[in-house]
Amino acid sequence: MMCCKPEGRLAITLFFIVLFLPLMLIGCASASGTYLITGTQREALGAESVVIYTEFPAQYEIIGIVTASSDAGWTEQDSLNYAVAELKRQAAKIGANGVVIENVKETSSGGMLVSGIYVPISAQTVSGKAIYVEPDKNAENPQ
């Protein structure tokens with residue numbers, strides 16, 4: 001005795017794929033990072049105080065090298081945003097208040113088979129120099 005017609009089973013299978021595929025992808029997504037201290041480490045800061053630079057400011061001190069990657073996010077931009085957030089966390093751990101981005105790349109981190117459907121996964125990786133920039137005294141005490 002069958003409990004469901006074949007088209008009913010197909011509808012149920014599609015329902016679960018649509019419902020659980022995004023949850024499974026989010027569950028597998030991650031961001032990770034590392035740092036290498038090459039200068040003088042400072043007291044840890046909050047990641048929100050780390051500024052992203054595309055070129056070195058006039059006065060700075062290099063604290064180290066930071067790298068982060070993420071395969072989270074629905075788009076490449078989302079993955080890049082997660083990677084940059086992790087890069088800031090890594091820089092903050094070693095007391096940097098800035099990061100000069102030196103490299104951004106996309107790498108394939110394989111894929112996964114979900115209900116017979118292959119879903120490719122790519123990661124965004126960013127790296128740069130963790131720096132400390134002395135706060136501008138004039139900006140803190142405007143006259």
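Reply: We can begin with helix 2, which has 18 residues and reaches 26 Å from its first C-alpha to its last, close to the 26 Å expected at 1.5 Å a residue. The expected span is 1.5 Å times one less than the number of residues in the helix, and helices (H or I, at least four residues) and strands (E, at least two) are DSSP runs, numbered from the N terminus. Please keep in mind that this is a predicted model, in which local features need pLDDT of at least 70 and side-chain atom pairs count only at pLDDT 80 or more, while totals for chains, interfaces and linings use all residues. Residues are numbered from 1 along each chain as its sequence is written, and side-chain values use heavy atoms, with hydrogens and water left out.

Me: Which residues of helix 2 are buried?

Reply: They are S79, L80, A83, E86, L87, Q90, A91 and A92, where buried means under 20% relative accessible area, exposed means over 50%, and partly exposed is in between (1.4 Å probe, protein chains only).

Me: Why does E86 count as buried?

Reply: E86 counts as buried because its relative accessibility is 10%. E86 lies in helix 2, which covers residues 76-93, and leaving aside residues up to four places away in sequence, E86 touches A31, S32, G33 and A68, a contact being heavy atoms within 4.5 Å.

Me: What about A68, where is that one?

Reply: A68 is in strand 3, and A68 is buried too, because its relative accessibility is 1%. Not counting residues up to four places away in sequence, A68 touches S32, G33, A83, E86, L87, Q124, T125 and V126. A68 and A31 are 37 residues apart in sequence, while their C-alpha atoms are 7.1 Å apart in space.

Me: OK, zooming out, how many helices and strands does the protein chain have?

Reply: The protein chain has three helices and five strands, and read along the sequence they follow the pattern α-β-β-β-α-β-β-α. Of its 143 residues, 27% count as buried. Among contacts between residues at least 6 apart in sequence, 77% join residues at least 24 apart.

Me: Which residues have the most contacts inside the largest nonpolar core?

Reply: That core has 15 residues, and those with the most contacts inside it are V66, L87, A91, V99, V126 and A130. A nonpolar core here is a set of buried Ala, Val, Leu, Ile, Met, Phe, Trp, Tyr and Cys residues joined through side-chain atoms within 4.5 Å. The elements that give two or more residues to this core are strand 3 (61-70), helix 2 and strand 5 (117-132), and helix 2 gives the most, with five residues. As a general background point, in soluble globular proteins nonpolar side chains tend to be buried together.

Me: And what does A91 touch?

Reply: Apart from residues up to four places away in sequence, A91 touches V50, V66, A96, V99 and A130.

Me: New topic: how many aromatic pairs does a search of the whole structure find?

Reply: The search finds one aromatic pair. The rings of F56 and Y60 have their centres 4.7 Å apart and their planes at 25°, so this pair is stacked. For the cut-offs, rings of Phe, Tyr and Trp (its six-membered ring) pair if their centres lie within 6.5 Å, and planes under 30 degrees apart count as stacked, over 60 as edge-to-face and the rest as tilted.

Me: One last stop, where is Y53 and what does it touch?

Reply: Y53 is in strand 2, residues 51-53, and Y53 touches G98, V99, V100, I101, I131 and V133, not counting residues up to four places away in sequence. Among these, I101 is found in strand 4, residues 98-114. Y53 counts as partly exposed because its relative accessibility is 21%, and I101 counts as partly exposed, also at 21%.
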